[in-house]
Amino acid sequence: MNDSNAKNAGVSKGTWQRVEKGLPIRETNYVKIDGLLQWAPGSCVGVLEGQEPVLVSDMADADAASVQKSPVPQEVIDEEARDVIQLALIATAKGTTAEEIREMSERVVRDLRERGLI
């Protein structure tokens, strides 16, 4: 069941196992789990703070208008972008040193942020 839950939520099996063990995961993954459970965005984080989840099906249209997905903090976006860029470089840039890969990833993240893309 772990594999199908993880797949349906769009998270890794390891991330799903961390959730089941009550260990912290990235906020972006909590939003994915909200969707799987058909909870309003932010419900997983609310549950961690002792609140009850809000089911999407229980929300009135007026309630839905006031619910917003919390913006992902810029540092989380930057970290995710760096990870993706580094993995791509490791897979394709043979002979590139770890330091060069880190420098390239930082430069790409900085350029994307300056262009307003992240």
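The following legends describe close-up views of a predicted model.

**View 1**
S105 belongs to helix α7, which covers residues 98–114. The relative accessibility of S105 is 0%, so this residue counts as buried. Beyond its neighbours within four places in sequence, S105 is in contact with R82, I85, Q86 and L89.

**View 2. The salt bridge between R26 and E79.**
The whole structure contains 5 salt bridges. One of them pairs R26 with E79, with 3.0 Å between the closest N and O atoms. R26 is located in the loop between α2 (13–20) and α3 (27–37), whereas E79 is part of helix α6 (residues 74–92), so the pair ties together parts that lie 53 residues apart in sequence. Both side chains belong to residues of intermediate accessibility: R26 counts as partly exposed at 34% relative accessibility, and E79 is partly exposed with a relative accessible area of 35%.

**View 3. The salt bridge between R26 and D83.**
R26 also forms a salt bridge with D83, in which the closest N and O atoms are 3.4 Å apart. Because R26 lies in the loop between α2 and α3 while D83 lies in helix α6, this pair ties together parts that are 57 residues apart in sequence. D83 is partly exposed, its relative accessible area being 29%.

**View 4. The salt bridge between E106 and R82.**
E106 and R82 form a salt bridge whose closest N and O atoms are separated by 2.5 Å. The pair links distant parts of the chain, with E106 in helix α7 and R82 in helix α6, 24 residues apart. E106 has a relative accessibility of 35% and therefore counts as partly exposed. R82 is also one of the residues in contact with S105, and S105 is itself found in helix α7.

**View 5. The salt-bridge network around R26.**
Salt bridges with shared partners join R26, E79, E80 and D83 into one network. Within this group, R26 is paired with E79 at a closest N and O distance of 3.0 Å and with D83 at 3.4 Å. The loop between α2 and α3 provides R26, and helix α6 provides D83; E79 likewise lies in helix α6.

Conventions
Residues are numbered from 1 along each chain as its sequence is written. This is a predicted model: local features need pLDDT of at least 70, side-chain atom pairs count only at pLDDT 80 or more; totals for chains, interfaces and linings use all residues. Side-chain values use heavy atoms; hydrogens and water are left out. Helices (H or I, at least four residues) and strands (E, at least two) are DSSP runs, numbered from the N terminus. Buried means under 20% relative accessible area, exposed over 50%, partly exposed in between (1.4 Å probe, protein chains only). Contact means heavy atoms within 4.5 Å. A salt bridge is a side-chain nitrogen of Lys or Arg within 4 Å of a carboxyl oxygen of Asp or Glu.
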